[in-house]
Amino acid sequence: MFNILVVDDDKNTRLLMKAVLEREGYSVFLAENGVDAMETMDRVHVDLAVLDVMMPEMDGYEFTHTLRAADNNLPILMVSAKQLPADRKQGFLVGTDDYMTKPVDEEEMLLRIKALLRRARIVNERRIVIGDVVLDYDSFTVTRGEERQELPQKEFQLLYKLLSYPGKIFTRIELMDEIWGVDSETGWETVTVHIGRLRKRFENYSEFTIESVRGLGYKAVKNI
């Protein structure tokens, strides 16, 4: 069971979010502001924080900045009535992982929380599991039952990136910058070549596919 920390100075908002999250099977802890949240985190393990911005004593921006300055990578979903682009930008600059504006759509919030927890697990474990297929970032290997393949570094990183965000479309330029670096002199055609190699290598794997999205780029699709 995941532990979710809800940080908001409005009591009704805290109780509403608690009810919504507990209905989904999460264990929920409540805090009135950033200071209260820090004290709660000293007592219990927290997997993700749903965080208001405007709070007394320590607001959401300061709370997030303090955690990141201490190299704490706790997934944070900021939820705020502040809707201006500058407010969202400030949230991301201090280190939030996602940002929603009030009034919150409960279903969307739950979907975002699930996505953040999934990505955090991938980052922490450095592994992706799809049925019988396991991608291990530390060894650049893909295993499936007794079969084990060790991939060239760039091929593995490309596959790992796509499967970390199944269904998300990445342009060739985005993948080029992410895997090869923005200063690389290699052309984006290299991405196309590597995608072709990955498709050939895993053509008999029914667990996932790499699809081209015409005019946009590529996406990975989990089939189980």
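Among contacts between residues at least 6 apart in sequence, what percentage join residues at least 24 apart? In this protein chain, 53% do, with contact meaning heavy atoms within 4.5 Å.

**Before you select anything**

This is a predicted model: local features need pLDDT of at least 70, side-chain atom pairs count only at pLDDT 80 or more, and totals for chains, interfaces and linings use all residues. Residues are numbered from 1 along each chain as its sequence is written, and side-chain values use heavy atoms, with hydrogens and water left out.

**Whole chain**

Show all C-alpha atoms. They fill a box of roughly 55 × 40 × 30 Å along the principal axes. Colour by secondary structure: the chain has eight helices and twelve strands. These are DSSP runs, numbered from the N terminus: helices are H or I with at least four residues, strands are E with at least two.

Of the 224 residues, 43% are buried. Buried means under 20% relative accessible area, exposed over 50%, and partly exposed in between (1.4 Å probe, protein chains only).

Two strands pair if DSSP finds at least two bridges between them.

- Strands 6 and 7 share four bridges. Ile128 has Leu135 as its bridge partner. The two strands form a hairpin with two residues between them, and Gly131 in the turn has a positive phi of about 60°.
- Strands 7 and 8 are also joined by four bridges. Val133 is partnered by Arg144. Four residues separate the strands of this hairpin, and Phe140 in the turn has a positive phi of about 55°.
- Strand 8 (141–144) meets strand 9 through four bridges. Look for Val142 opposite Gln149.

**Select 153–164: helix 6**

This helix has twelve residues and spans 16 Å from first C-alpha to last, close to the 16 Å expected at 1.5 Å a residue. The expected span is 1.5 Å times one less than the number of residues. Ten of the twelve residues are buried, so helix 6 is largely enclosed by the rest of the structure. Among them are Phe156, Leu159, Tyr160 and Leu163, and also Glu155 and Lys161.

**Select the cores**

A nonpolar core is a set of buried Ala, Val, Leu, Ile, Met, Phe, Trp, Tyr and Cys residues joined through side-chain atoms within 4.5 Å. The largest has 27 residues; Leu135, Val142, Leu159, Leu163, Phe202 and Phe208 have the most contacts inside it. Elements that give two or more residues include strand 7 (133–136), helix 7 (172–180), helix 8 (189–201) and strand 11 (208–213). Helix 6 gives the most, with six residues.

Centre on Phe202. Which residues does Phe202 touch, not counting those up to four places away in sequence? They are Val142, Gln149, Leu151, Leu159 and Phe208.

Last stop: another core, of 19 residues, lies apart from the largest one. Select Ala37, Val46, Met55 and Met78, which are among its members.
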